[in-house]
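Please open the structure in your viewer and keep the selection tool at hand.

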Amino acid sequence: MKSLFARKPIAELLIEGDHPNALKRALGAGDLIMLAIGAVIGAGIFGAIGTAAAGQLGPNGEVIRSGAGPALVFSFLLLGGVCALAALCYAELASMIPQAGSAYAYTYATLGEIVAWIIGWDLILEYAVGNVAVAISWGDYFKVLTGGLLNLPVWLTTGYRTALLSSDPTVHGLLDAAPHVAGIPILVNLPAFTIVLLITWLLLRGVRESARANNIMVVVKLLALALFVGVGLTKINTANYTPFAPNGFEGIHHGAAIVFFAYIGFDAISTAAEETKNPQRNLPIGILGGLAICTVVYVIVGAVLTGMVPYRELDPSLHADPLAYALQRAGMQGVGWLVALGAVVSMTAVLLVFQYGQPRIFYAMARDGLLPKWAARVSHKARVPYATTILTGLFVALWALIGDAGETYDLTNIGTLFAFALVCIGVLVLRYTQPDRPRPFRVPFVWPVCLGGAAACLFVMWGLPRHAWERFAIWLAIGLALYFLYGFRNSTLRRGAAGLPPNR
């Protein structure tokens with residue numbers, strides 16, 4: 001039992017980051033802030049915000065979650081505080097352990113191997129499964145953007161799970177109306193599938209090229225949101241702010257639990273630690289700076305959106321593109337089209353950063369022997385983990401082809417919040433076990449911040465629907481089975497072998 005909680009020495013983690021076959025250090029503080037904004041501002045603010053405001057009904061009309069209404073701004077503020085506590089903990093650990101594994105590497109050094117495996121498996125929910133939801137939302141805005149040009153049949157832009165779970169009779173009716181093969185309806189989201197494959201191709205070209213593309217897309221998304229706010233301020237009807245909190249604190253809590261998806265990603269830049277120049281200085285700046293900027297943007301956009309449109313009209317089963325819909329409803333179709341364009345670019349940036357992060361988690365786990373050796377292969381020219389980049393791309397693309405964004409949001413949120421809580425606890429453990437280790441960045445008021453951060457994450461998790469907990473439990477059970485079948489026997493820490501990445 002003791003060996004299950006064996007901790008990996010931090011010194012060994014640092015050596016791996018400086019190995020000749022490790023990843024290439026090419027990113028500065030500015031790149032990291034842009035990566036954070038690229039990861040955070042995306043499907044949450046362009047898609048999940050509608051669910052948070054209006055609530056969600058099941059296919060039979062049952063209430064899955066209560067809506068926050070205009071009090072959505074308090075959901076954002078609540079989450080900003082929760083994520084700030086977690087971000088402080090990430091900043092301390094990332095500056096101490098500038099390694100590609102993010103929360104996986106941190107828990108390996110603080111809480112032991114089996115907890116690290118759980119976190120590594122759990123992070124698949126944040127990066128890979130989360131990207132499924134982003135890709136589907138990307139497809140929704142892409143349809144708005146190109147509706148008059150491509151005219152793709154609806155069965156080529158709607159996934160099977162989306163139709164199955166929709167409370168909209170028209171969308172649900174696609175199960176019967178779509179073409180059938182051997183009695184199975186052909187319902188696929190071709191735009192979502194295609195964009196994931198294109199992003200995978202870009203990531204295989206190298207981290208510097210990916211960062212340049214992300215910087216351009218971040219500028220476009222901020223301009224799109226600025227346009228929405230600037231135009232939307234002239235269309236606000238103060239009557240839409242009444243009732244302000246139609247479901248009280250329960251609505252704010254439920255809204256926070258779903259719109260947490262809008263905050264996922266600030267931690268993704270910690271996966272870039274091994275490719276960051278001067279990570280001890282630049283990682284805390286990137287994590288905390290990116291989160292602060294995104295929180296301000298979210299509160300402003302949420303206030304404008306719920307002032308423009310009655311919150312009930314933001315029901316995702318009616319309009320999957322809430323920002324573009326609000327502008328179109330206000331008679332500003334041209335501006336709505338521009339915002340849809342910004343949303344497509346914005347979510348492309350999110351896809352890029354999340355697709356960037358997941359392969360590096362797999363890479364770190366394979367380097368430790370918990371996954372097969374081929375998953376740690378790095379291409380000789382681009383110095384990127386090409387095997388896991390391709391694997392992640394295929395996994396996300398195929399799920400996005402038939403999946404539903406709504407159920408994916410919940411699974412992603414619960415997995416990420418669980419990882420955040422363990423990172424907060426990990427900081428406390430390391431302060432106790434290794435109090436003299438140099439810390440380039442230190443969490444202030446460490447006990448209240450860490451315990452408060454862990455408790456706050458669990459509180460937000462509690463606001464998720466029951467089915468999210470059930471699926472999360474199944475996901476963890478599968479992960480533990482894989483660990484005991486493979487990882488436990490092949491761990492480099494247990495076997496005393498060197499966990500260094502091979503070249504291609």
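In this tour, two residues are in contact when heavy atoms lie within 4.5 Å. Please note that the model is predicted.

Begin by selecting helix α5, residues 103-110, together with helix α6, residues 113-146. From α5, the residues A103, Y104, T107 and Y108 meet E113, V115, A116, W117, I119, G120 and L123 of α6. This contact is made up of 8 nonpolar residues, 2 polar residues and 1 charged residue.

Now view the two helices as axes: they pack at an angle of about 170°, with the axes 7 Å apart. Because angles over 145 degrees count as roughly antiparallel, α5 is described as roughly antiparallel to α6.

The next stops concern aromatic rings. A pair of such rings is described by the distance of the centres and the angle of the planes. The count of aromatic pairs comes to 18.

Select Y263 and Y298, whose ring centres are 5.2 Å apart and whose planes stand at 85°, so the pair is edge-to-face. Y263 lies in the loop between α12 (248-259) and α13 (279-308), while Y298 belongs to helix α13, so the pair ties together parts 35 residues apart in sequence. Both Y263 and Y298 are buried.

Proceed to Y483 and F484, another edge-to-face pair, with 5.1 Å from centre to centre and 70° between the planes. Is each residue buried or partly exposed? Y483 counts as buried, at 0% relative accessibility, whereas F484, at 42%, counts as partly exposed.

Finally, select W117, W121, W475, Y483, F484 and F488, which ring pairs link into a cluster.

Notes:
Residues numbered from 1 in each chain as written. Predicted model: local features only at pLDDT ≥ 70, side-chain atom pairs only at ≥ 80, totals over all residues. Heavy atoms only, no water. Axes fitted to C-alpha atoms, helices over the stretch in contact; angles between N-to-C directions. Helix = DSSP H or I, 4+ residues; strand = E, 2+ residues; numbered from the N terminus. Parallel < 35°, antiparallel > 145°, perpendicular 65-115°, else oblique. Nonpolar A, V, L, I, M, F, W, Y, C, P; charged D, E, K, R; others polar. Phe/Tyr/Trp six-rings, centres within 6.5 Å; stacked < 30°, edge-to-face > 60°. Buried < 20%, exposed > 50% of the residue type's maximum accessible area, 1.4 Å probe, protein only.
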